[in-house]
Amino acid sequence: MLSVQNLSFRYDAYSKYILEDISFEVKKGEYVSIVGENGSGKSTLVRLLLGLLKPTTGEVQQKAGSIGYVPQKKVNLTHFPLTVFELLDSYRRVLKVKDRNTVYNMLEEVGLLGFEKKLAGELSGGQLQKLYIARALINNPELLILDEPSTGIDVKGQREIYAILKRLNQDSKITIISVDHNLDAAVANSTVIFHITNGKGHFCNPKKYAVEAVPSNS
């Protein structure tokens with residue numbers, strides 16, 4: 001599905017490497033949580049995977065037919081008088097998806113059916129995140145990439161978001177790569193964890209990571 005080979009990145013020749021010699025593969029159907037301390041390069045890695053940044057060295061190869069992306073930073077919709085339906089439908093038309101019912105299907109998928117006429121700027125944090133997930137699903141992606149999906153959302157909303165993602169992965173067979181600071185959710189939902197520290201990265205089993213992540217009392 002996606003392959004990263006000897007990937008390194010720095011912004012210019014005078015700065016230190018943010019990521020250095022990272023290699024990994026994401027297989028079809030996996031749910032990969034990317035974890036690490038703040039500033040470790042998680043979001044930078046996502047931008048490299050999406051092609052928004054060019055690697056300093058190495059390469060990213062992706063074989064997904066289509067990719068959906070849910071960013072961490074959301075556009076402020078308060079001053080845009082668009083309804084939930086209008087926002088998704090405009091995106092559907094940009095992607096040239098012919099079936100207008102796709103909008104309703106995606107709203108149902110994320111639990112927002114019935115919110116079609118509500119202004120997008122009036123949604124709660126959790127509802128807005130569901131809307132962005134619905135938008136990312138419009139083009140029927142094989143790979144869904146998310147950057148910090150639970151940031152700024154209350155506990156109830158977080159549970160709902162992760163339930164949606166787990167269902168998309170297990171039932172709809174969508175491969176998921178998610179940058180996550182919520183370690184409990186990462187351990188509970190992902191099939192594999194990719195941990196980044198000091199610019200390096202390695203895969204680990206979620207259950208093993210749960211044990212290693214608990215600080216020692218000694």
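Two residues are in contact when heavy atoms of each lie within 4.5 Å. By that criterion, and not counting residues up to four places away in sequence, S150 touches Q129, Q158, Y162, D180, H181 and N182. The model is a predicted one, in which local features need pLDDT of at least 70 and side-chain atom pairs count only at pLDDT 80 or more, while totals for chains, interfaces and linings use all residues. Residues are numbered from 1 along each chain as its sequence is written, and side-chain values use heavy atoms, with hydrogens and water left out.

S150 belongs to the loop between strand 6 and helix 5; helices (H or I, at least four residues) and strands (E, at least two) are DSSP runs, numbered from the N terminus. The relative accessible area of S150 is 2%, so this residue is buried. The term buried stands for under 20% relative accessible area, exposed for over 50%, and partly exposed for values in between, with a 1.4 Å probe and protein chains only.

Six strands form an open sheet with mixed pairing, in the order 5-6-7-3-8-9; two strands pair if DSSP finds at least two bridges between them. Its edges are strand 5 (67-70) and strand 9 (200-204), each of which pairs on one side only. From one strand to the next, the twist averages 15 degrees. Within this sheet, strand 6 and strand 7 (residues 175-179) run parallel and are joined by five bridges, and L146 stands opposite S178 in strand 7.

Two helices lie across this sheet. Helix 5 lies across strand 3, strand 6 and strand 7, at about 135 degrees to strand 3. Helix 1 lies across strand 3 (31-36), strand 5, strand 6, strand 7 and strand 8 (192-197), and runs at about 140 degrees to strand 3. For such angles, axes are lines fitted to C-alpha atoms, for helices over the stretch in contact, and the values run from 0 to 180 degrees between N-to-C directions.

Three strands form an open sheet as well, in the order 2-1-4 and with antiparallel pairing. Here strand 2 (19-26) and strand 4 (57-62) are the edge strands, each pairing on one side only. Strand 1 (residues 2-9) runs antiparallel to strand 4, and five bridges join the two; S8 has T57 in strand 4 as its bridge partner. Helix 1 (residues 42-49) also lies across strand 1, strand 2 and strand 4, at about 120 degrees to strand 1.

The C-alpha atoms of K200 and L19 are separated by 6.3 Å, although the two residues are 181 residues apart along the chain. Leaving aside neighbours within four places in sequence, K200 is in contact with E20, D21, I22 and H195. With a relative accessible area of 40%, K200 is partly exposed.

In soluble globular proteins, nonpolar side chains tend to be buried together. A nonpolar core is a set of buried Ala, Val, Leu, Ile, Met, Phe, Trp, Tyr and Cys residues joined through side-chain atoms within 4.5 Å. The largest such core has 34 residues, of which L131, I133, L144, L165 and L168 touch the most other members. Two or more residues each come from helix 2 (84-94), helix 3 (101-109), helix 4 (125-137), strand 6 (143-147) and helix 5 (155-170). Helix 4 provides the largest share, seven residues. Apart from this core lies another, of 24 residues, including M1, V4, F9 and I177.

Aromatic residues supply further links. Rings of Phe, Tyr and Trp (its six-membered ring) pair if their centres lie within 6.5 Å; planes under 30 degrees apart count as stacked, over 60 as edge-to-face and the rest as tilted. The whole structure holds five aromatic pairs. F9 and Y11 form an edge-to-face pair, 4.8 Å centre to centre with 80 degrees between the planes. F9 is buried, at 4% relative accessible area, whereas Y11 is exposed, at 53%. F85 and Y104 form a tilted pair, 5.2 Å centre to centre with 40 degrees between the planes. Because F85 lies in helix 2 and Y104 in helix 3, this pair ties together parts that are 19 residues apart in sequence. Ring pairs also link F24, F194 and F203 into a cluster.
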